[in-house]
Amino acid sequence: MKKSIFRLLTLALLTGTVATTAISCSSDDNSSVENPNPSDFVVNRNDLKGEIKSGEVILESGTYKLTGSLIVRNGATLRIKPGVRIEATAPSSDTAYGEVRFISVAQGGKIFVEGTATSPVVMTADVKQPGKWGGLVLAGRAPINKGTTATSEVGGDLAYGGTDVNDSSGSITYLRIEYPGFAYNADKEFNGLSFFGVGKGTKVENVQVYESSDDGFEWFGGTNDVKNLVVLNADTNFVGDDLFDWTEGWVGTATSLYGKRTNGGNRGIEADNNSNNHLAQPISNPTINGITLIGAGSVSAGGEFQAVKLRVGSEGKLDNVVLSNWQVGFDIQHDESIAAITSGKLKATNVKFENVTTKSVGKNTAGTTVDVSKVFTESATATGAGNGTAQPEWSKGWTVGF
């Protein structure tokens, strides 16, 4: 009996020693993170760019200067640890298109952004103005309605789309993307975070896009779900685009979205299916649970100021919606989207309007005005992203601009 007790005590002491050592090593800021699958990609903190073609690259701590495009190719992984800051340097000119700074993940590549509420990962620009770098682009193998596959308009001409509903591009938590939206021209612009055919196996939670010159988040088809997203635009020297945008058959679920603009710009949501074929499958039909959209009212110039614009066949189900300070609440266009109201495939329930001039407007494909007021039902107790028009509790501590 005594020998058994002695053996147990000895084992406990040894186990405690090993555990303490492991914790000590992992919490040592000066120690490197063990990488069981190293890449031949060479990381230079002051010159971060190139293609990660194999293995795993880990950005551990401190600041990295993004001096060009960084693309994670098929089979490779980019892992970004808490508190890392990536700063895009300025290209030689605004028209030096070959020098655009952006981060892309190609089909089969993976990114793991491991920020925390107290130590988020930040992707920003040296020049603190909208549109000064490209932002983050993910390309997956989930279905789209532009064809079986297509090529991304930004982010390195990446192939996207396919048949893998559950495809994974990795995991992103507690990430802040600042000053993105670089434009090649009026029709080819980066967003803050672009999802091209991204699958449901990709985790995206607690992400902010701050001061983007184009859309904050945009989905080009895909099936991925998201949670706790923030878009804030306030720079009065720039006119932005939409806060949230989808097209090409996105069918994911979004939980708790908060968007606010006080500068010139367009819509809270711009939603399309396919402009060439309004009934192309899969039809855009996301589920939005809890959303707050705050506009600039009629005080700023340069935009259309609809809170939600759905057109060219897009469907969607929105619940628990707060719309504040817009000229128009819901703008529904084209026969197919209007028909989806009747079928119940396009609806917004529990909507709270605050300082919205016109709650809904509609036009069919022929351009004739139609009544689309049945698209929404109202509720005075809607909370939107969680706290009405006020900052959501879940966004505190890691976001900026509130």
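User: What makes the place of Pro 282 a loop between β21 and β22?

Analyst: In this predicted model, Pro 282 is found between β21 (269-271) and β22 (287-294), where strands (E, at least two residues) and helices (H or I, at least four) are DSSP runs numbered from the N terminus. The peptide bond that leads from Gln 281 to Pro 282 is cis, with omega near -5 degrees, whereas most peptide bonds are trans. Residues are numbered from 1 along each chain as its sequence is written. Local features need pLDDT of at least 70, side-chain atom pairs count only at pLDDT 80 or more, totals for chains, interfaces and linings use all residues, and side-chain values use heavy atoms, with hydrogens and water left out.

User: Why is Phe 182 called buried?

Analyst: Buried means under 20% relative accessible area, exposed over 50%, and partly exposed in between, with a 1.4 Å probe and protein chains only; Phe 182 has 6%, so Phe 182 is buried. This residue lies in the loop between β12 (170-178) and β13 (183-185), and, leaving aside residues up to four places away in sequence, Phe 182 touches several residues, among them Asp 94, Trp 133 and Ser 213, contact meaning heavy atoms within 4.5 Å.

User: How do you know whether His 334 is buried or exposed?

Analyst: The relative accessible area of His 334 is 18%, so His 334 is buried.
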